[in-house]
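Student: Could you walk me through this model with me asking as we go?
Tutor: Gladly; here it is.

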Amino acid sequence: MIREFHRPRDLGTALDALADAGDEGKVISGGTALVLMIEQGLVAPSVLISLDRVQDPMFSGVELAGRTLRIGGGETLSAVASHPLVRDVVPGLAEACRRVGNVRIRNRATLAGNLAESDYASDPPSVLVAHRATCRVLASGGERMVPVERLITGFYENALDEGEIIAEIHVPVPETGTRSTYVKYISRSSEDRPCVGVAVCLQTMGGTVADIRVVVGAVTGTPQIFPEVLAEATGKAATPSTWKDVAARYADLIQPLDDARGSAWYRTRLIDIMIRRALSQAAEQDTR
Ligand SMILES: Cc1cc2nc3c(=O)[nH]c(=O)nc-3n(C[C@H](O)[C@H](O)[C@H](O)COP(=O)(O)OP(=O)(O)OC[C@H]3O[C@@H](n4cnc5c(N)ncnc54)[C@H](O)[C@@H]3O)c2cc1C
């Protein structure tokens, strides 16, 4: 049963309340995941600290700070999807946020809440891993930077300690000639979570691959990336034959799960198809 509900206006007060509550406390942002978890009896916090009225500049807004795109953790998925800077600098992230659930969810759900939920069938995390994004995580005693690649550690598990809040997400501004894309395959209703999601960050130079990041989400507990496969593709011609090789290697290496959205066999086929599609789409995109 909830016995205390806090609605602080700054992160410092929120962090103090969270520290005081210990293992009985939880922060709530949009509530789109947490309320369901409480209703299903999966978690039972007795102290809720709502972040929806926090007005710290760090927790809101989207801006360029040098070569970094800074996104406040409290920004909703709708705000991220429609922000001109996100659409220009990391179009794959705008697309991933635009494809989440439905408009009611996107208008409430926050980017930090999506990462902290750490559900394997989520859209934004793969793009953030592809773009080497980092979270600025605060606690009442200090702060640390956590790469999104190391934040999600398993099914609904992450590297956040009790008492920590994701305040910002930092995305490095891609080099000139970089494309960013996200493709989502849904097997049930149009508003569903992904069966397979593929994020690509691709830089080409003179028709060859200069840098390539391919991340597959929703198929295991954590977003999947294989640096050795990507290293082999680097320096090769930016052509469908290279995309075919990358896709085949990923399909071979990933051991997907079976769930209501698709069997492991079905997902393996889709990983191959969707990676080829995502890379072809990225290669055809205009660069910044
Ligand atoms: C019908 C439906 C469809 C959906 N479809 C999709 C989909 O297609 N793709 C997809 O990716 N997701 C989907 N989702 C999930 C949704 O995107 C997430 O539920 C949402 O992003 C979570 O954000 P929130 O702000 O609502 O988090 P909350 O529900 O408020 O919190 C979620 C968790 O994160 C913690 N938390 C919240 N904010 C912070 C913070 N700043 N720092 C640290 N911890 C924090 C909370 O304590 C809680 O444990 C769907 C959800 C629903 C209900």
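Student: Before that, what kind of model is it, and how are residues numbered?
Tutor: This is a predicted model, in which local features need pLDDT of at least 70 and side-chain atom pairs count only at pLDDT 80 or more, while totals for chains, interfaces and linings use all residues. Residues are numbered from 1 along each chain as its sequence is written.

Student: How many helices and strands are there?
Tutor: The protein chain has twelve helices and 13 strands, where helices (H or I, at least four residues) and strands (E, at least two) are DSSP runs numbered from the N terminus.

Student: And what is the radius of gyration?
Tutor: It is 19 Å for the protein chain, which agrees with the value near 19 Å that a compact globule of 288 residues would have; the radius is taken over C-alpha atoms, and the globule rule is 2.2 Å times the number of residues to the power 0.38. Along the principal axes, the C-alpha atoms fill a box of roughly 60 × 45 × 30 Å.

Student: How much of the chain is buried?
Tutor: Buried residues account for 45% of the 288, and a residue is buried if 20 or more other C-beta atoms, placed from the backbone, lie within 10 Å of its own, exposed if 12 or fewer, and partly exposed in between.

Student: Let's go to the strands: which way do β1 and β3 run?
Tutor: Strand β1 (residues 4-6) and strand β3 (residues 47-50) run parallel and are joined by three bridges, with F5 standing opposite L48 in β3; strands are said to pair if DSSP finds at least two bridges between them. Strand β2 (residues 25-28) also pairs with β3 in the parallel sense, over four bridges, and there I28 has S50 as its bridge partner. Between β2 and β3 the chain passes through helix α2 (residues 34-39), making a right-handed β-α-β crossover, that is, one where the path from the first strand over the helix to the second runs clockwise with the strands pointing away from the viewer.

Student: What about β4 and β5?
Tutor: Strand β4 (residues 62-65) and strand β5 (residues 68-72) run antiparallel with four bridges, and E63 is bridged to R70 in β5. The two form a hairpin with two residues between them, and G66 in the turn has a positive phi of about 65 degrees.

Student: Which residues are closest to the ligand?
Tutor: Of the 29 residues that surround the ligand, the closest are G30, A33, G101, G113 and N114, with a residue counted as near if its C-beta atom, placed from the backbone, lies within 6 Å. The elements giving two or more residues to this shell are β2, α6 (103-108), α7 (111-117) and β10 (165-172), and α7 gives the most, with five.

Student: What is the shell like by class?
Tutor: It has 14 nonpolar, ten polar and five charged residues, where Ala, Val, Leu, Ile, Met, Phe, Trp, Tyr, Cys and Pro count as nonpolar, Asp, Glu, Lys and Arg as charged, and the others, Gly among them, as polar.

Student: Why is α5 called largely enclosed?
Tutor: Because six of the eight residues of helix α5 (residues 91-98) are buried, namely G92, L93, A94, E95, A96 and C97. What covers them includes α3 (77-82), α4 (84-89), α6, α8 (124-130), β11 and β12 (196-205).

Student: Is W243 buried or exposed?
Tutor: W243 is buried, with 25 other C-beta atoms within 10 Å, and it lies in helix α11 (residues 240-253). Leaving aside neighbours within four places in sequence, W243 is in contact with R276, L279 and S280, contact being defined as C-beta atoms, placed from the backbone, within 7 Å.

Student: And where is Y185?
Tutor: Y185 lies in strand β11 (residues 178-185) and counts as partly exposed, with 18 C-beta neighbours inside 10 Å. With the neighbours within four places in sequence again left out, Y185 is in contact with P194, C195, V196, L270 and M274.

Student: Last one: what is the phi of R132?
Tutor: R132 has a positive phi of about 55 degrees although it is not a glycine, and it lies in the loop between α8 and β6 (134-139).

Notes:
Contact = placed C-beta atoms within 7 Å.
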